[in-house]
Amino acid sequence: IAREVFPLPPAMAVKLAAWRRDAAEKELAEAVRAAREQSLSWREVGEAIGTSGEAARQRYGASA
């Protein structure tokens with residue numbers, strides 16, 4: 001609702017969206033790491049994020 005009253009300038013909206021994306025990616029990587037520490041398989045992790053286990057391992061394996 002606040003955006004309707006005080007809309008962000010387009011460049012600021014893009015910056016904010018990029019910041020939110022980065023923050024969400026960091027949160028997801030941490031959640032994957034925690035899931036792996038709790039012995040979730042890469043298949044289970046992949047299913048949870050909507051991809052294959054192999055794709056999840058390739059993307060998050062170095063940080064998990």
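User: Hi! What is the mean pLDDT of the protein?
Analyst: Hello! This is a predicted model, and its mean pLDDT is 92, with 89% of the residues at 70 or more.

User: Which elements have the lowest and the highest mean pLDDT?
Analyst: Helix α1, residues 2-5, has the lowest mean at 61, while α3 has the highest at 98. Where pLDDT is low, the predicted coordinates should not be read in detail.

User: Okay, let's look at α3 then. Which of its residues are buried?
Analyst: Helix α3 runs over residues 42-49, and W42, V45 and G46 are buried there. These three lie on the same side of α3, because they cover an arc of only 100° around the axis.

User: And what is exposed on the other side of α3?
Analyst: That would be E47 and A48.

User: What covers the buried residues of α3?
Analyst: The cover includes α2 (10-37) and α4 (53-60).

User: How do α3 and α4 cross?
Analyst: Their axes come within 7 Å and cross at roughly 95°. An angle from 65 to 115 degrees counts as roughly perpendicular, so that is how α3 and α4 sit to each other.

User: Which residues meet there?
Analyst: From α3 you have W42, R43, V45, G46 and I49, and they meet G53, A56, R57 and Y60 of α4. By type, the residues of this contact are five nonpolar, two polar and two charged.

User: Now α4 itself. Which residues are buried in it?
Analyst: G53, A56 and Y60 are buried in α4. Their arc around the axis is only 60°, which puts them on the same side of α4. Q58 and R59 are exposed, on the face turned away from that buried side.

User: What covers the buried residues of α4?
Analyst: Helices α2 and α3 are among the elements that do.

User: I'm curious about G53. Why does it count as buried?
Analyst: Its relative accessibility is 14%, and buried means under 20%, so G53 counts as buried.

User: What is G53 in contact with, leaving aside its neighbours within four places in sequence?
Analyst: G53 is then in contact with W42, R43 and G46.

User: And how many Å separate the C-alpha atoms of G53 and S41?
Analyst: They are 7.8 Å from each other, with the two residues 12 apart along the chain.

User: Last one: what follows α3?
Analyst: G50 does, and its phi is positive, near 80°.

Methods. Residues numbered from 1 in each chain as written. Predicted model: local features only at pLDDT ≥ 70, side-chain atom pairs only at ≥ 80, totals over all residues. Heavy atoms only, no water. Buried < 20%, exposed > 50% of the residue type's maximum accessible area, 1.4 Å probe, protein only. Helix = DSSP H or I, 4+ residues; strand = E, 2+ residues; numbered from the N terminus. Arc of directions from axis to C-beta. Contact = heavy atoms within 4.5 Å. pLDDT = per-residue confidence, 0-100. Axes fitted to C-alpha atoms, helices over the stretch in contact; angles between N-to-C directions. Parallel < 35°, antiparallel > 145°, perpendicular 65-115°, else oblique. Nonpolar A, V, L, I, M, F, W, Y, C, P; charged D, E, K, R; others polar.
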